[in-house]
Amino acid sequence: SVGADETGRAVLHARSVSAHTGLLRPQKLPSPTSATLCWRWKVRQALTGNDRERTQAGDDYAARVFVVFETSVWPLRTRAINYVWAAHEVVGAVFPSPYSRNVGMVVLRSGDAEAGVWQQERRDVLADYRDFFGEPPTCITAVAVLVDTDNTGKSAEAWFADLSLASSPVPSEVATP
């Protein structure tokens, strides 16, 4: 749902109970030369007790922001970078999704120490892509937010705000939600 933060600024509020919920915004950005993703987020709490985040059974996060790059008719071949608020993984950890080696997981926040407080993020998504895949991307096709608890059966609540993708060249088409 759409709401407001403590200062009256618009935020997206998402809640998940044994499921996942998200919002995807398609982009059309071929051959990007720069791309900086910025956002604010907070979670009510991390998925306490989820210490299997690198397995399919534990592949849930209180909050995710992700960028989709090269898409494929075969979903497991679509490339993406997921920025996650983990429960157990160490901040700075980078590893492949247990579902696809074409999805990189980047832990930006972990645990409950910063829960309930807005956190500001800024990522060079092209550098993160090159670090994970070893080559530059050919395009950016979407940006999304997700609250994900379908594997663990837990519940999570997160807020997202001020999500922006500054890129060069400028997207030739931007779809509205």
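**Salt bridges in the predicted model**

Author: Asp 162 and Arg 9 form a salt bridge, with their closest N and O atoms 2.9 Å apart. Asp 162 belongs to strand 11 (residues 155–168), while Arg 9 is in the loop between strand 1 (2–4) and strand 2 (10–17), so this pair ties together parts that are 153 residues apart in sequence. Asp 162 is partly exposed, at a relative accessible area of 32%. Arg 9 is also partly exposed, at 44%. The model is a predicted one, and a search of the whole structure gives 12 salt bridges.

Another pair is Glu 89 with Arg 54, whose closest N and O atoms are 2.9 Å apart. Here too distant parts of the chain are linked: Glu 89 is in the loop between strand 6 and strand 7 (94–96), and Arg 54 is in the loop between strand 4 (34–43) and strand 5, 35 residues apart. Glu 89 has a relative accessible area of 12% and counts as buried because that value is under 20%. Arg 54, at 45%, is partly exposed.

Arg 109 forms a salt bridge with Glu 114, and the closest N and O atoms are 2.8 Å apart. In this pair Arg 109 is the buried residue, with a relative accessible area of 13%, whereas Glu 114 is partly exposed at 28%.

Conventions
Residues numbered from 1 in each chain as written. Predicted model: local features only at pLDDT ≥ 70, side-chain atom pairs only at ≥ 80, totals over all residues. Heavy atoms only, no water. Salt bridge = Lys/Arg side-chain N within 4 Å of Asp/Glu carboxyl O. Helix = DSSP H or I, 4+ residues; strand = E, 2+ residues; numbered from the N terminus. Buried < 20%, exposed > 50% of the residue type's maximum accessible area, 1.4 Å probe, protein only.
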